[in-house]
Amino acid sequence: MNFVSSNPHRVNELSEAVFGTLLLECFVECDRIKCSCSKSHDRDWMWNLGFLIEHNKLHLVTEFRVVIFNECELPMHIDKVMKGMENKLQSPLPNVRSILFLGPGVFTAGTAKDADSIQEFRTAEAAAQSIRKLFPCATDLRYHVFRKWVPTPNILGADRKLCPLYEYTLKEYAHQLEHVQMLIPFPLNVPKLFDNLTSLSINIRYIRLRRDLPVIPTRCLRILEVFQIEAVIPWHLFETTDGALSFDSLQDLRVEFIQATANTATFPGCNCPVHFPRLNTLHVTGSAYVYTDIYAYFQGWVFERLTIMDDPTNFERINEHAFETGEDAQDRAPYWNSLPSSVEVATLGLLDYPLPGLIAWVDLRSLTLAASIADKHGLANLLGQLPLLHTLVVDCFSMIRSDAKATKFPDQKITFDEIGEVLDPSSHLPVSESLERLDLFVRGTFDLVGFCELVVCLPRVTKVRVNHHMIPHIMSMLHQVFKVSRNIAFEPLS
């Protein structure tokens, strides 16, 4: 909007995507209740509706977005704001397909102890009816409370007082939504879900308590996220056909198990067959809590992306053939590194494990990992085994081997001895002839000399990202001490 204000004659040069969102955002200078500071505690609502009308772009709007990142517990009065929007628009926007609530304030508004709950319900109901009236064709309704795009299945407590705006809005649209969040909250007495349901996120811990839920259609379901699973996946929630559960369209499945059961089961753990004929992406967290080996069920499948997050003590029970045909893999422990695989992109993280001494994923093009100690010899040993790698991203505790005693894996002497001193500063032989980008973020001791010695042996590296305070020292040492003449672009990591 600032660009258009300064350059009104250039508005037609902008992409249509710029005008795709009708934005309604609430600002509060101070969101603390009964605070005596001089800042304003009133809600200030802003929208880009006037901008869209002025430039005749309402026909391009496909999303209505409500943003409230403050956590003010005072009443929201959004019903009056929506009524003002109705008066301004005068007719519905049929091209709007998505409604998105962003920020925790969508749920904290009107939850103060002295708030009039009945009035807040009336306000939310009126606002939801206005939203429905203005955007009658929406098929996608979601909320997201963080500023970063990460799953939020358990951010809201089932026993917590919540502003009912999202719940009322969901009830208005439930019968026509292709994308549904069965998270907290989910409205009561929803008689039916849309047969063309395409994506679904479920908080099982919450949903198990609900006996009023409609059966979930599976015919068109392409994305299924099942969070907070405490036992065998409750397959009874889904629609069956001829005595079988057929996810004929499902492409992406994410399951998250959160606690151990008394007796583990064989996947899928139900009395009827479960079919996933088109599944190409699988994310699994904590499966060993519930299933003896979920991966044996998918043995021989070709996954475009396979993500496994589990306790490393359980990895020896995972079917080793699960990774043989993956293109993109993530795991949580170094056990898999020694198993042959055709994966090209891998992320090894969540805990600072020792750098693997052996990695058999020779087709890797990109590797991202967290490590306890990432010293020059360990990194050189790793790179020497990956002939096609062009990007290496490492986040480590330290680059000094003796610092291992301060990590979760204090005894790494055997690993260090097995790797030995791979990097020879006097040798001009390259460690890797494929690596082009090297990212290294060190939370503890940064080995300046060792890092420069490593870069010298990586002749194709043209982009380096490191701790911001180390950049001038690295540049100076590479040019003045090691006489590196090639152009290397440095960027800061923080």
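## Basis

The model is predicted: local features need pLDDT of at least 70, side-chain atom pairs count only at pLDDT 80 or more, and totals for chains, interfaces and linings use all residues. Residues are numbered from 1 along each chain as its sequence is written, and side-chain values use heavy atoms, with hydrogens and water left out.

## Phe 101

Phe 101 sits in strand 4 (residues 98-102). Helices (H or I, at least four residues) and strands (E, at least two) are DSSP runs, numbered from the N terminus. Phe 101 is buried, at a relative accessible area of 0%. Buried means under 20% relative accessible area, exposed over 50%, and partly exposed in between (1.4 Å probe, protein chains only).

Contact means heavy atoms within 4.5 Å. Not counting residues up to four places away in sequence, Phe 101 touches several residues, among them Val 66, Ile 131, Tyr 143 and Leu 165. Leu 165 is 64 residues from Phe 101 in sequence, yet their C-alpha atoms are 9.8 Å apart.

## Helix 12

Helix 12 spans residues 471-480, and its buried residues are Ile 471, Ile 474, Met 477 and Leu 478. Seen down the helix axis, these residues fall within an arc of 140°, so they line one face of helix 12. The arc is that of the directions from the helix axis to the C-beta atoms. An α-helix has 3.6 residues a turn, so residues three or four places apart point the same way.

The cover over the buried residues of helix 12 includes helix 11 (448-456), strand 19 (463-467) and strand 20 (489-493).

## Backbone exceptions

Most residues other than glycine have a negative phi, and most peptide bonds are trans. Gln 90 has a positive phi of about 70°. Gln 90 lies in the loop between helix 3 (78-89) and strand 4. Gln 90 is exposed, at 72% relative accessible area.

Gln 228 also has a positive phi, near 60°. Gln 228 is in strand 8 (residues 223-229). Gln 228 is buried, at 8% relative accessibility. The peptide bond from Phe 267 to Pro 268 is cis, with omega near 10°. Pro 268 lies in the loop between strand 10 (252-257) and strand 11 (274-275).

## Gln 412

Gln 412 lies in the loop between strand 17 (391-398) and helix 10 (413-419). Gln 412 is buried, with a relative accessible area of 3%. Beyond its neighbours within four places in sequence, Gln 412 contacts Pro 354, Ser 372, Ile 373, Ala 404 and Thr 407.

The side chains of Gln 412 and Ser 372 make a polar contact (2.8 Å). A polar contact is a pair of N or O atoms within 3.5 Å; within protein, one must be able to donate a hydrogen and the other to accept it, and residues adjacent in sequence count only if both atoms are side-chain atoms.
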